[in-house]
Amino acid sequence: MIDTQGRLLVAPPNMPDWRFQKSVVYIWRHDVSGAAGVIINKKCEKPTFEHVCTEGGLDRNQQVNPPVYYGGPVLNNIIGVLHSTEYRLKSTNLLHGSDVGFTLDRKILEDIAMGAGPLNRLITLGMANWDTGQLEEEIEHPRNPAMSWLLLDYDEKLVFGQDPDAKPSEVWEECVSRAVRNKTSEITSKIFKD
């Protein structure tokens with residue numbers, strides 16, 4: 001099994017599923033039951049964080065209005081937060097040995113709305129899920145090899161340091177470029193055994 005937990009999935013240029021075209025997905029869970037992640041590079045125009053707070057009946061400091069990102073096509077009415085782990089709740093999904101957690105809990109939204117909460121955070125609407133073996137199949141044995149997901153190791157700058165005004169394609173293009181360089185380096189090091 002390819003372990004994608006804590007890594008980035010990058011959609012290939014010919015991704016046939018329109019919901020994932022030019023997407024970069026952070027995988028926050030990958031185990032025998034399947035995989036779950038959130039798209040990190042597609043900012044929503046609506047709802048805004050202000051709207052989320054109004055709908056949820058949350059008090060909000062008027063100065064606080066972080067962007068909300070389209071996390072994926074599953075549970076697209078659920079708000080989650082991908083965040084740094086200096087902030088944790090009992091409900092936070094923590095990756096072993098990682099500085100990133102994913103929390104689906106009203107409390108984190110309350111804290112963020114009041115200007116507190118985690119230092120690094122990405123608020124997401126919806127998520128991406130794969131059944132047991134499905135993601136491995138999409139990576140190792142896609143219908144067309146050109147449509148296999150690309151993998152990148154976690155990079156805090158890519159996940160939390162992106163410009164909120166960046167176009168989704170800019171982050172995606174950077175990730176594709178890195179993934180291709182990594183794969184090329186891997187192949188050449190095998191050939192030349194450095």
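How much space lies in the largest pocket? About 390 Å³ of space lies there. The structure is a predicted model, in which local features need pLDDT of at least 70, side-chain atom pairs count only at pLDDT 80 or more, and totals for chains, interfaces and linings use all residues. Residues are numbered from 1 along each chain as its sequence is written, and side-chain values use heavy atoms, with hydrogens and water left out.

**The largest pocket**

- A pocket is an open set of points, on a 1 Å grid over the protein atoms alone, where a 1.4 Å probe fits and protein lies on both sides within 12 Å along at least five of seven lines; lining residues have an atom within 4 Å of a point.
- A volume is the space filled by probe spheres set on the points, and grid points are joined across faces, edges and corners.
- The largest pocket has about 390 Å³ of space, and of its 18 lining residues, Met 15, Pro 16, Glu 138, Arg 143 and Trp 149 are the closest to its centre.
- At least two lining residues come from each of β8 (121-130) and α3 (134-140), and α3 gives the most, with three residues.
- Helices (H or I, at least four residues) and strands (E, at least two) are DSSP runs, numbered from the N terminus.
- The lining of the largest pocket holds nine nonpolar, four polar and five charged residues.
- Here Ala, Val, Leu, Ile, Met, Phe, Trp, Tyr, Cys and Pro count as nonpolar, Asp, Glu, Lys and Arg as charged, and the others, Gly among them, as polar.

**The second largest pocket**

- The second largest pocket has about 270 Å³ of space, and its lining includes Arg 7, Ile 139, Trp 149 and Glu 186.
- Two or more lining residues come from each of β9 (150-152) and α5 (168-192), with α5 giving the most, five residues.
- This lining divides into six nonpolar, two polar and three charged residues.

**Thr 4**

- Thr 4 lies in the segment before β1 (8-10).
- Thr 4 is buried, with a relative accessible area of 0%; buried means under 20%, exposed over 50%, and partly exposed in between (1.4 Å probe, protein chains only).
- Leaving aside residues up to four places away in sequence, Thr 4 touches Leu 9, Ile 27, His 30, Leu 135, Ile 139 and Leu 151, where contact means heavy atoms within 4.5 Å.

**Cysteines**

- A disulfide is a pair of cysteine sulfur atoms within 2.5 Å, and the count comes to zero.
- The closest cysteine sulfur to that of Cys 53 is in Cys 44, at 14 Å, so it is too far for a bond.
- Cys 175 is buried, with a relative accessible area of 0%.
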